[in-house]
Amino acid sequence: KAQACERASAELYTAIYLRDRQAEEDAYVMRVAAAGVTLLVPRYGLESFVFVPSADEPNGFKFDTATSTLMSKTCSLGMLDKVKVRIGTQKHPTRLRLALEIIEPEIGASRSSADMNAGSDVESEGGGDDEDPLRKKPRRAKKDAGEFGLNDNGRAERREKARKRAARNARSRKN
């Protein structure tokens with residue numbers, strides 16, 4: 001759990017840092033799957049899954065199980081390959097998310113896992129509402145003490161019991 005918290009914290013602060021800008025950084029392929037690759041960006045300590053076009057799409061990748069590589073007509077991606085990624089942020093209804101895109105080697109339309117989780121209604125960077133996703137939502141009004149089964153009489157009774165207990169303890173110390 002501590003490791004997951006550390007990763008989430010690093011991702012959040014990196015997203016806040018990159019909120020209004022994009023960065024291009026070197027990344028390394030840590031894992032290869034049929035749908036994409038897991039990339040490690042050492043500068044920011046980020047690890048993220050990036051989807052690549054499937055074999056039936058133009059410039060699509062085919063997964064070779066024997067060598068654990070993704071191959072297309074123009075390039076291949078294997079373990080520990082160095083790639084260049086564009087890191088940016090994406091507004092999401094609940095939080096700010098990091099979005100990674102492979103820009104070198106040129107592979108076509110790569111999408112980060114943040115894009116896939118957001119669904120098909122992903123907004124472009126220029127559109128959408130300008131509401132800050134990190135802004136705290138207004139808190140609900142606190143319930144009245146009576147709704148919890150407590151009232152002023154209940155508090156008064158507890159105070160009275162505590163006062164009697166303190167007096168009894170003081171008397172027992174005198175004896």
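**Whole chain.** This is a predicted model. Colour by secondary structure: the protein chain has 3 helices and 9 strands. From the N terminus the order is α-β-β-β-β-β-β-β-β-β-α-α. Switch to a surface view. The accessible surface is about 12,700 Å², with 48% belonging to carbon and sulfur atoms. Of the 175 residues, 29% count as buried. Among contacts between residues at least 6 apart in sequence, 50% join residues at least 24 apart.

**Salt bridges.** The structure holds 7 of them.

**Stop one: Glu11 and Arg95.** Select both side chains; they meet in a salt bridge, 3.7 Å from N to O. Glu11 sits in helix α1 (residues 2-17) and Arg95 in the loop between β7 (82-91) and β8 (96-104), so the pair ties together parts 84 residues apart in sequence. Glu11 is partly exposed at 28% relative accessible area. Arg95 is partly exposed too, at 36%.

**Stop two: Glu101 and Arg86.** Their side chains form a salt bridge at 3.2 Å, N to O. Glu101 belongs to strand β8 and Arg86 to strand β7, so this bridge ties together parts 15 residues apart in sequence. Glu101 is partly exposed, at 30%. Arg86 is partly exposed, at 26%.

**Stop three: Glu160 and Arg163.** Move to helix α3 (residues 152-174), where these two lie 3 residues apart, separated by about one helical turn. Glu160 is partly exposed, with a relative accessible area of 32%.

Technical notes
Residues are numbered from 1 along each chain as its sequence is written. This is a predicted model: local features need pLDDT of at least 70, side-chain atom pairs count only at pLDDT 80 or more; totals for chains, interfaces and linings use all residues. Side-chain values use heavy atoms; hydrogens and water are left out. Helices (H or I, at least four residues) and strands (E, at least two) are DSSP runs, numbered from the N terminus. Buried means under 20% relative accessible area, exposed over 50%, partly exposed in between (1.4 Å probe, protein chains only). Contact means heavy atoms within 4.5 Å. Accessible areas come from the Shrake-Rupley method with a 1.4 Å probe; for residues, only the protein chains shown count as cover. A salt bridge is a side-chain nitrogen of Lys or Arg within 4 Å of a carboxyl oxygen of Asp or Glu.
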